[in-house]
Amino acid sequence: MTDTVRVLLSAAVLSLSAFAAFAWRVSRTEAAGPERLVGQLRLAQWAAVLLASTGGAAIGFAATQATIPMGTIDVTVAVLCVLLAGLVVMSEPRVGLLVAGAGFLAHALFDVAHRPGGLSDALMPRWFIVGAAAWDLSMSAICFWARRR
């Protein structure tokens, strides 16, 4: 395992842990109280940042592998992630968490499509695709969980 893989794995685990801990803390507040609304707003804003960074990573991979066939599809999906992040920021908290959760879920499914026989699996390392799909799915679950009353 290279140092880069270790750092990315650590970042993924720490970001998921922090996001889940904050979502758990928000879920413990009174459902009709202002603390819940403010907490969900902050969660939605952080989800937007993470969704945009997910798109940014895909754009970076596509830019460095410009000769890979169908790389434009990856860039298009990445730009859609960034646009969804903007929509999350502009939405009310519960709707923003729903949009973010759906965006992470869609991106996880798109990551899974990068298997042999599907979309180009040469754009990103195999370990990154599997890890990104797992991370996206986890983020989606946390977003859906955090928006419940």
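A polar contact is a pair of N or O atoms within 3.5 Å. In this predicted model, the backbone nitrogen of Ala 133 lies 3.4 Å from a polar atom of the Asp 111 side chain.

Asp 111 belongs to helix H4. Asp 111 is buried but forms no salt bridge; Arg 126, the nearest side chain of opposite charge, is 9.7 Å away. Setting aside neighbours within four places in sequence, Asp 111 is in contact with Ile 129, Ala 132, Ala 133 and Asp 136.

Helix H5 covers residues 126-147. Its 22 residues, at 1.5 Å a residue, should span 32 Å, and this agrees with its end C-alpha atoms, which are 32 Å apart. The buried residues of H5 include Phe 128, Ile 129, Ala 132, Ala 133, Trp 135, Asp 136 and Met 139; Ser 140, Ile 142, Cys 143 and Ala 146 are also buried. The buried residues of H5 pack against helix H1 (3-27), H2 and H4.

The distances discussed here are as follows.

| Pair | Distance |
|---|---|
| Ala 133 backbone nitrogen to a polar atom of the Asp 111 side chain | 3.4 Å |
| Asp 111 to the side chain of Arg 126 | 9.7 Å |
| Val 79 C-alpha to Ala 113 C-alpha | 17 Å |

Val 79 lies in helix H3 (residues 71-90) and counts as partly exposed because its relative accessibility is 37%. Val 79 and Ala 113 are 34 residues apart along the chain.

On confidence, the protein averages a pLDDT of 90, and 98% of the residues score at least 70.

Technical notes:
Residues are numbered from 1 along each chain as its sequence is written. This is a predicted model: local features need pLDDT of at least 70, side-chain atom pairs count only at pLDDT 80 or more; totals for chains, interfaces and linings use all residues. Side-chain values use heavy atoms; hydrogens and water are left out. pLDDT is the predictor's confidence in each residue, from 0 to 100. Helices (H or I, at least four residues) and strands (E, at least two) are DSSP runs, numbered from the N terminus. The expected span of a helix is 1.5 Å times one less than its number of residues. Buried means under 20% relative accessible area, exposed over 50%, partly exposed in between (1.4 Å probe, protein chains only). Contact means heavy atoms within 4.5 Å. Lys and Arg count as positive and Asp and Glu as negative; His and the chain ends are not counted. A salt bridge is a side-chain nitrogen of Lys or Arg within 4 Å of a carboxyl oxygen of Asp or Glu. A polar contact is a pair of N or O atoms within 3.5 Å; within protein, one must be able to donate a hydrogen and the other to accept it, and residues adjacent in sequence count only if both atoms are side-chain atoms.
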